[in-house]
Amino acid sequence: SSISSARLQAATGKESVSDARSLVNTPVVLAVRPQLKEALAQQSWAALPGLQTNPAALDSLNLPGWGSLRLALPSVGDSDASYLAAEAVAAASAPQGSPATAGLGAVNTLVGGQPKLADNTANEAWKALLTDGDPAAAPVHAVVTTEQQLFQRASSLPEAKNSVASWLPPGPVALADYPTVLLAGTWLSSEQVSAASEFARFMRQPDQLADLAGAGFRAEGANPKGNDVVDFAPLGAPLSVGDDTVRATLAGAPPAPAAGSATTGAPDAAPAGH
């Protein structure tokens, strides 16, 4: 997502990117059990750390026996959703007038209280969320993900609406934005620069955008068709947390993926930057 280009520019300078334009996007949501969606109602990003660490948090939301939120924030395979959720929690938790980085304590609380699983992958989190038996006793009650990934997973689940629901916290929307990014530098040949520019134009053609919309991304001029779990409802204003340095700082809060591991993969892979 655009977090990658933010990290790059924070590390090497803005001049390392000559052009970055949004191609498609998808909001960050919580994949939850259907019972939990009703209980969360008008809770917010700022409420999540308290719900995560209070062992009786969901009991007080009319879900007796459910305990705490048990929100998993995968660092592998979730298309940067956990990093974007960290931005949203930080921005919502920071004192008024303070930068989003002032809310890092709340992010650390949320991440530190997540369920202990065999690994920190999206697949492991989903397996724990959809475990058979009483949902109140499941090791995971919610998973940070993107609308696009939830759409893909729900499309392959039988009677998906009985197992999982999508909850979009109110307020500014944490948006996973996938840009085409053109790099700049003396190490690039004119042929490479030209090829990257041509490929970026190719990706913006209607047929390519329609394919991405069919996979669950939101693209200009394309209308994705929903399923029993995801309806692609209109979104509010996107969240803005500051410049690339702020974003890079916030992105360091959730656990980083293991070295050499992939962060996206078929069928829910995001478009690559160039």
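Helices here are DSSP runs of at least four residues, numbered from the N terminus. The legends below describe close-up views of a predicted model.

View 1. Leaving out residues up to four places away in sequence, E124 touches L117, A118 and D119.

**View 2. R21 and D19 are joined by a salt bridge.** The distance from N to O between the two side chains is 2.9 Å. D19 has a relative accessible area of 21% and is therefore partly exposed. A search of the whole structure gives four salt bridges, and the pair of R21 and D19 is one of them.

**View 3. Helix 7 is mostly covered by other parts of the chain.** This helix spans residues 147-155, and eight of its nine residues are buried. The buried ones are E147, Q148, Q149, L150, F151, Q152, R153 and A154. Several strands take part in covering them, including strand 1 (17-32), strand 3 (142-146), strand 4 (165-167) and strand 6 (218-219). Helix 6 (122-129) and helix 9 (206-214) are also among the covering elements.

**View 4. F151 and F232 form a tilted aromatic pair.** A pair of aromatic rings is described by the distance of the centres and the angle of the planes. For F151 and F232 the distance is 5.4 Å centre to centre, with 55° between the planes. F151 lies in helix 7, while F232 lies in the loop between strand 6 and helix 10 (244-251). The two residues are 81 residues apart, and their pair links distant parts of the chain. Both F151 and F232 are buried. The count of aromatic pairs comes to three.

**View 5. The charged end of R7 sits over the ring of Y83.** The distance from this charged end to the centre of the ring is 4.8 Å.

**View 6. The largest nonpolar core has 53 residues.** Within this core, L30, L36, W45, L48 and L71 touch the most other members. Helix 4 (residues 81-93) supplies the largest share of the core, namely eight residues. Another core, of 18 residues, lies apart from the largest one. Among its residues are V29, A72, V143 and F151.

**View 7. L36 is shown with the residues that it touches.** Leaving out residues up to four places away in sequence, L36 touches L58, L63, W66 and L69 as well as H141 and A142. L36 is one of the residues that touch the most other members of the largest nonpolar core.

Note on methods:
Residues numbered from 1 in each chain as written. Predicted model: local features only at pLDDT ≥ 70, side-chain atom pairs only at ≥ 80, totals over all residues. Heavy atoms only, no water. Buried < 20%, exposed > 50% of the residue type's maximum accessible area, 1.4 Å probe, protein only. Contact = heavy atoms within 4.5 Å. Core = buried A, V, L, I, M, F, W, Y, C linked by side-chain atoms within 4.5 Å. Phe/Tyr/Trp six-rings, centres within 6.5 Å; stacked < 30°, edge-to-face > 60°. Lys NZ or Arg CZ within 6 Å of the ring centre and 35° of its normal.
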